[in-house]
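Here is a short briefing to read alongside the model. Please keep the sequence and the 3D view open as you go.

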Amino acid sequence: MKIINLIEDTPGSSNCLYEHGLSFYIETKKHKILMDTGASDTFIKNATQLGIDLKQVDIAVLSHGHYDHSGGILSFVKINPNATIYIQKNAVNDYYSIREKILLLSNIVYIDDLLNIDDELTIFSNITDRKFWPQTNQRLKKRENGVLIQDDFDHEQCLVVNENNCSYLFSGCAHN
């Protein structure tokens, strides 16, 4: 398996840009996966710099609905309209400033609980029963019925890659 960080809060490679957010490129035996898209299209520039052809990605997974993990999804779809995008069903609530455009995409699969894509990939959500609540989570809100309330992170999902009798867990912020 190959895992390449496309965007995060620090520069990493001296030739790469950075921003608040996260994006990974994951290459397995069967798939080329984009996990999150950062806050903007900057991850695309870094992918080009790193020699990664995002047109070859067959699966995109958004870990949750916050802008710093999903803000570049529409830019990604412009260069790769064929990749299947897996989103937790609650992630299109009032977390995206561009959610109306995301809802119009035809290549989205909404996840509600557990989805085995194939023998290599599984996506799961409904991560509850938290033991600890990080202090930074208390600042994060969601809009529900026109009112800002505490974000309960019911829009999170994780990707599990099974390869060579090992399971690898990929998560965005892991708020829960």
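Asp-113 sits in the loop between strand E6 (residues 108-111) and strand E7 (114-116); helices (H or I, at least four residues) and strands (E, at least two) are DSSP runs, numbered from the N terminus. This is a predicted model, in which local features need pLDDT of at least 70, side-chain atom pairs count only at pLDDT 80 or more, and totals for chains, interfaces and linings use all residues. Residues are numbered from 1 along each chain as its sequence is written, and side-chain values use heavy atoms, with hydrogens and water left out.

**Around Asp-113**
- Asp-113 is partly exposed, with a relative accessible area of 43%; buried means under 20%, exposed over 50%, and partly exposed in between (1.4 Å probe, protein chains only).
- Leaving aside neighbours within four places in sequence, Asp-113 is in contact with Ile-123, Phe-124, Ser-125 and Asn-126, where contact means heavy atoms within 4.5 Å.
- Lys-89 is 24 residues from Asp-113 in sequence, and their C-alpha atoms are 9.2 Å apart in space.

**The sheet**
- Six strands make an open sheet in the order E1-E2-E3-E4-E5-E6, with mixed pairing; two strands pair if DSSP finds at least two bridges between them.
- E1 and E6 stand at the edges with a single partner strand each, so one side of each has no neighbour in the sheet.
- From one strand to the next, the twist averages 20°; axes are lines fitted to C-alpha atoms, for helices over the stretch in contact, and angles run from 0 to 180 degrees between N-to-C directions.
- Strand E5 (residues 84-88) runs parallel to E6, joined by four bridges, and Tyr-86 has Val-109 in E6 as its bridge partner.

- Five bridges pair E1 and E2 in the antiparallel sense, and Ile-3 of E1 (residues 2-7) stands opposite Ile-26 in E2.
- E2 and strand E3 (residues 32-35) are antiparallel too, with four bridges, and Ile-26 stands opposite Ile-33 in E3.
- Four residues separate E2 and E3, which form a hairpin.
- Strand E2 (residues 23-27) is mostly covered, with four of its five residues buried.
- Helix H1 (residues 42-49) lies across E1, E2 and E3, at about 130° to E1.

**At the surface**
- Ile-3 is partly exposed, with a relative accessible area of 45%.
- Together with Met-1 and Tyr-168, Ile-3 forms a nonpolar surface patch with about 260 Å² of accessible area.

Key
Patches are made of residues with over 30% relative accessible area and no salt bridge: like charges are joined within 9 Å, nonpolar side chains (Val, Leu, Ile, Met, Phe, Trp, Tyr) within 5 Å. Accessible areas come from the Shrake-Rupley method with a 1.4 Å probe; for residues, only the protein chains shown count as cover. A salt bridge is a side-chain nitrogen of Lys or Arg within 4 Å of a carboxyl oxygen of Asp or Glu.
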